Each structure stands twice: as C-alpha cells, then as structure tokens.
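Please keep the model open beside the text as you read.

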Amino acid sequence: MEFVNQRILDFYQKTTEELTDWAPLIHPEDREAVVSHWYASIATGKPYDQIHRVRRADGEWRWFHSRGLPLRDASGQIVRWCNLLVDIDERKKAEEALRSSQRELSVIIETMPGLVWCASPDGELSYVNGRILGYLGVERNNLLAGGWAHFLHPDDVASVVAAWSNSVASGEAFEVQARLRGADGAYRWFHSLSQLGRDTEGNPAQWYGVMIDVDDRKRAEEKLEQAYLRLAETQRLSKTGSFITDLLVDDHNWSEEAFRIFEFDPATKVTVKLIRDMVHPEDLQSFDAVISRGLDGEDVDFVFRIVTPRGALKHIRGVICVTEQVAGRPLFIGALQDVTQSKVEEEQVRRSEAFLAEAQRLTRIGSFSWRVEDNEIRWSVELYRIFEFDQGLPVTFDLIGSRVHPDDLPLMSDMIGKAQSAANHLEYQHRIVMPNRSIKHLHFTAHSRRDPEGRLEYIGAVQDVTQRHLAEAALATARAELANAAKISSLGVLTASIAHEVSQPLSGIITNASTCLRMLERDSPNVDGVREMARLTLRDGKRASDVILRLRALFSKKEFAREPVDLNDAAREVIVLSLTDLERNRVILRTEFADDLPLAPGDRIQLQQVISNLLRNASEAMSAVNDRPRLLQIAIRPHPGRQVCLSVADAGVGLDSERIDRLFEPFYTTKSNGMGIGLSVSRSIIESHQGRLWATPNEGPGATFSFSIPAIPQGVRE
Amino acid sequence: MTAKRSLVSVVDDDEAVRDSLPFLLAEFGYAPRAFSSAEEFLASDVVSQTECLILDVMMPGMTGPELQSELKVRGHDIPIVFITANRDDSLRRGVLAQGAVECLHKPFSDTALFNALQSALRTN
C-alpha cells in the first residue's frame, strides 16, 4: 500500500498505515471472494475486477466497484498495482429494488386466484401465468405457439373469438364468460377480462388479461334458475300459490300462481281487504276468525270459497304458518291451493257413495273387501245392517262366526280354506242367526284380485235372500206336492185304465152267465141261446186274459232306448235338478268332470234316475252329520276296459261291511222313510247296461257308490 | 108277458156289451136294439120308439152324457140307465142330476139291471 487518496481516507476515517489491513473492512459475505481474486490477480498479473461491499466509517455497508490494473516496467515485470474504487451503492440498491419488485410482481401474478395472460396489441398471446398452464395442462411454449381457441367449449368458440377480434380491432375492453377445458377434460366457466395497456406516449403496449373461475357460481345460478322454473311449474300444476305476508302492515308478497288463482293482475297491490272482498259471504265469518288466529301467531290450515272477478266459484285451501319475527312482528309464510277440482270430485264421490248405499239398502246387498294376508275386512253400511252389528265395529271372523248358524260354520271354514288357496271365485248360501233367534238366509259371492301392493284380496257382495229363500222353500214344497199328486193321479189313471180294460170283458162274462141261467131256468130251456152265451163267455174270458198279458208285457218291458249318452251332461242335468234339495240339506257339492269322456250307449233317463238316486242317498246319509262339512263329491272319469265310471262319495254315516252285500236287495233299507227299492232298481238298470254298481267304505267318514258302464268302442260314432 | 114288448136300446162302443146285453134284455121280455155309438143311435129310426136307453158313459165321439143332453134338446124324454166301467162317483152324481134313472158300474148283476129297467119304464 503505497498511496491512498484523500477520499478513501475520508471514507474510512483511517490512515494509510491503518488501511494496510483492509480485509476486515470487506463485507464478510464478499471477503473471501475479494481476497482470493486479489491474490489470484497478483499471482497471474490479470486485471482485477470485483463488486463488493465495504464498511464506511459510520458502519454502513456500501457497494463498490473495485478494479486493479498492473503497472509494468520495460521488462514486463509488474512494479505496482493501481486500484480504482468506485462507489456504486446507489445504482446497486436501485437494481436490487427493481429485482425485488419484479419478484414480488411475479409472486403476485402466480399466486393470485386468477388466470393471467398478456397479448400483443395485435392479439398475439405473449404471456400466461402458471395457473393457466396448470389448469389447461400444457407447456408454456406449446400454448404460446399453438393458440388457445381449441381449449374453449365448442358452444363458446364463436362468441369468444368474435368478442376478442372486436376488442383487438377497437382497443376496447374485452369481457366474456366462457367454458374452458381443463387438464382433466372437464369444462369450467371462467369470467375473462382484458384491458389494453399503453406506454407513456399513449401507444398500445400490451393486452393484460385475467380469467376468474366462476364455475361454482355459474352452476349454482343454473340450479337456482332451474329450481325457480320448477317451483313456478309445480305451483302452476298443483294450482298452489305461495306468499309471504306481514299481516300487521298488510304487506303481501305473492307468487305468480297465487295471482293466477285469484285472477288478479300480477301488478295488483294485494291487501287483506282485497282478498276478503272475494271471499264467499257464507265463509266470511270463518275467514275472519282464521285471520285473527293467524294474527295471534297460530298456524292455520283452512278451506274457504272465493268468487273471482269473472264470477267463478273456487275452493281455496290456505295454509299459513309463522316463520320468524321481523322487527318484533310475526312474518307469515303460506300456500294457497285451488282445490275446486278435488272438492267437486269429492262431492261426486260422496254422491255416488250415497247412491251406492241407497242401492245397497234397497236391494239388501252389502259389499265387503277382505285382505287374506292379515284378515283386514271392510264392510259397507248395508252389510252391518244385514248382520245387525253397530256401524264401524271392527269386523273379524270371530264376530261373523258369532252370527253364522252353527250348522253352517263348516261352510265358513270351507270358504276360508278355499280363499287361502287363492280360489278365483267364492259362492255360498248360508244362514245367520239374529239376536232375536230369527234366521236370515244370505247369498255370498266374492272374486279374488290383487291390491296395488300385489296382496291377495277378495271383493264381494252379500245379499239377504231370506225373502227369496222363503219363497223358494214354498215353491219347493208346492213342487213336491205337485209331483206327488202327479204320481198319485198317474197311478189313478193307470188303475182306471186297467179297471176299464178288465171290467169290460168281465161285465160281458157276468151278463152272459146271468143270461145263461135265465135261459136254463125256463120251462123249455133255450139250449141254442145257452150255447151262444157260452161261446160269448169264452170270447170275453179270452179278452180279459189278453188284457192281463198286455199289462204284464207293458210292465216287464225289457227293451230300452239306446242312444249315445255323455255321462258328464247327464250328471250335470241331475245336479241342476237336485241343487235345491242339496242346498236345503246344506250339502257342499264338489264336482269333477272328465275331459274327452267317451260316450256310452244307454237309456239317458234311466241312467239319470240312477245318478239321482245315488245323490239322494248320499245327501240323506249326511242328514245327521253336524260335526264336519257335509261334503258330497261326484267324480266322472274313464274306467279301464273302455268304460266310463261315475262315483258319488259322501261324508255320511258310512257302511257296515257285513251289510254291503245286502244293500242291493229289494226292500233292504237303512232309512226310516225309504221303500228300499232304489238301490236294487239302480243295480238292475246298470246291469241292463252291461255295467256294474258297487259300494265301498271311505277311508275317512262316509261311503262311495260307483257304477261303470261300457263306452262306445273307439272309432265308432253313433 | 105283455102283448107289446117295450123297445130298449143299448148304446156302447164295447162289442162284448153289444153282444151280450140284447140276449139278457130279451130274456127280461124287452125288445132290444144295440148301437155302437151315440151318433149311430141318433141316426136310427128307433129314437122316438125307444122306451128306455141303456147308455155307456165313455165312448169315442159323442159321450153318454152328451147324448143325454142332445136328446133333451131334441125333446126326447127317454129314461136312461147309464153303465160305466169308471168308478167315479162325481160322474154318477152328474148324470143322475141330469135326470138319469140309474148309473150302474160294470160289471153289474142281472138283478140290478132288471130293477133299473123296471123303475125306468114305470116313470115312462
């Protein structure tokens, strides 16, 4: 250190000697670099050039540009170093401040929740921030080179490009809302804003733009709009208007539909008085009462009628409830529904129910429904009346059973059994006993169906047929008497005819004999006359004998009409004729007819007499049965060996196996009122058909009587 | 025996009666005539001479009671003895009420017939 100028000495406030140890004056961060460069320059002779900080006398660190040049002698030896120190602190600080502010700007641009971009005045994209790249999922260069239009939603491209072109051409601000496709392929809504920046001379410099993600807001708006549309639609469809009302200051905020219901212009200023003036006079009192209850803060739900300006009568249902207190006053929110249609329908339903009830009363038909699953039974008013139970009493089978005639209880269990096996149709005739011991005859029919939940239920009707039943019973008695009379009279006719046939020749014989005697008693007997009389007597005797022969031939008629008989049809006819008797004996009839039954040649009437006889026997065999259903089963089916077979099974007293063989003997009977010829005649009829009639005891109670007769051989018709 | 034999007519569709009765009537001393139907009798020439009519009830065509009425209409007041194989009492009462002398059920005895004829001819 040979020389230090005054400015340096002033700067450090040190002597030249003191400055020999200069290293501590260098900023610790710069010191090592300065020292090593300095010695490197001394060693190599290369010029020294460093920027670093030194401490001024007042302790402030200042930036200096330090440069050193070697001075050489003629031989090129370095004789001394000449160093120049320039204070560059002001400039250095300014540079730093600029760098710091640029860094800050960059942080702001990258951190702010927006997509920032710049473009040249002619619209060429020049800058995008990291958020844009991150959102779009592209490299900066690719974006700057490849453009941005293809990231737009196809529906937005045209409008955005048009707006941007317009802004670029005019320099006016750019503002659009558009959807941009993100890296995940989904579009989101962005609000894009851009302004053209100008330099100090006012020339266009850059477009500065920002895009803000408004997707959530946009979707919320869409939802809100949809919700509002739906609400309006719902109100319109349900004819329900809504309102918010402050009754104390008579302020009403009505929905569109509320106006429509009241047929007000939507601009109308609604007041309680305006509404009240439309209320039907008969409903005014209750309307006022409801409003005052509302004013007391009570929730109300009521129906009132209004007469609209066009003269229409409407039924309005109003629901009001207090929602909150505003400035100490209750605020009402509510709904107004036009229920005219349902009121009218309700009235129609009420009227048709009244008609039905009246019709049921007149015809004495009650109706019911019965859900099998849980035995839920519903009765019409008339059915309660028929059973003489108090209206609305819960109906159970126990309750019904308490009225059913004890003898008919098996019918009820049979019916329940059939219902549980889902029979399509139920039909019964049974009796019920009233508290005063009188008996009613009921006709019960029901059809199965599935309710909306798919559960089995029966819908049916019960008719009080007591009157008809009494008439039928009288008719049956009359018919039986008539039949008996016919039988007796036909016997009388037969007898008369026999008497006439026989008495004519007898009369002749007697007359002849008398004449003979008179002729012989004469003094001179008329022998020729006697001979003639004897001849006539012989003739008349032969005539009488002929009559007897003819009668015998008539009654022992061996031939019978042979025709092809369908045993199904023949049995059906007999069943129809026997129904009244079977019902009177409360017999439950089950039939089983055969399909494709071959015809059998025979005398239809005689076979029907046999069937009728078997049915009557079966029915009578059960007349004392009260502890089980009086079940009578008729089955018709083909029988092995090209035969057709009919069997009648009863649940009666059954057969004593020792007596089975005697059953078919003439005059054998187990019945108190029978002649005992039915089964023997039946058997002879079946045998004359080359068939067989037999009886077997049932496994359970009762017996089965069956017959089989040959069918027409296959392939033979008629 | 009286000089003049009373004419007694028999109307019956039964051949046995028509063959037998005339012999007995002759034995009784009457003059018998036999006809097989009411129509045949009405058409004959003996209606006005007949002093007693023995008449069957049931006949094909005109019946006995119908003939009884027809004769009344024509002004022939002939005593009638009905004979019938029918044991119907109401029929018997009916013809007696209409003025018949007697109604005999076949077969009848000769005495019963004779008594009936006697009372018929007496009324004549």
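## Chain B and its fold

Following the sequence, chain B runs through the pattern β-α-β-α-β-α-β-α-β-α. That gives five helices and five strands, where helices (H or I, at least four residues) and strands (E, at least two) are DSSP runs numbered from the N terminus. Of the 124 residues in chain B, 50% are buried; buried means under 20% relative accessible area, exposed means over 50%, and partly exposed lies in between (1.4 Å probe, protein chains only).

Within chain B, 61% of the contacts with a separation of 6 or more join residues 24 or more positions apart, a contact being heavy atoms within 4.5 Å.

## How to read the model

This is a predicted model, in which local features need pLDDT of at least 70 and side-chain atom pairs count only at pLDDT 80 or more, while totals for chains, interfaces and linings use all residues. Residues are numbered from 1 along each chain as its sequence is written, chains are lettered from A and ligands numbered from 1 in the order in which they are written, and side-chain values use heavy atoms, with hydrogens and water left out.

Side chains of opposite charge can pair when their charged atoms come close. Over all chains there are 60 salt bridges, each a side-chain nitrogen of Lys or Arg within 4 Å of a carboxyl oxygen of Asp or Glu. One of them joins A:Arg455 to A:Glu373 at 3.9 Å, N to O. This pair links distant parts of the chain, 82 residues apart: A:Arg455 sits in the loop between strands E17 (439–450) and E18 (456–464), and A:Glu373 in the loop between strands E14 (365–371) and E15 (376–379).

A:Arg455 also meets A:Glu453 in a salt bridge, at 2.7 Å. A:Arg455 is partly exposed, with a relative accessible area of 22%, whereas A:Glu373 is exposed at 56% and A:Glu453 is exposed at 57%. Elsewhere, a network of salt bridges links A:Arg56, A:Asp58, A:Glu60, A:Arg62, A:Asp87, A:Asp89, A:Glu90 and A:Lys93.

## Where chains A and B meet

At the interface, 20 residues of chain A are in contact with 16 residues of chain B. The two chains bury about 1700 Å² between them, 56% of it on carbon and sulfur atoms; buried area is the accessible area (1.4 Å probe) that two parts lose on being put together, summed over both. On the chain A side, A:Gln504, A:Thr511 and A:Arg518 lose the most area to chain B, together 30% of what that side buries.

Five salt bridges are counted between chain A and chain B. B:Asp14 and A:Arg543 form one at 2.7 Å, N to O. This pair crosses from the loop between strand E1 (7–11) and helix H1 (15–28) of chain B to helix H16 (residues 527–555) of chain A. Here B:Asp14 is buried at 8% relative accessible area, while A:Arg543 is partly exposed at 26%. B:Glu15 and A:Arg539 also meet in a salt bridge, at 3.6 Å.
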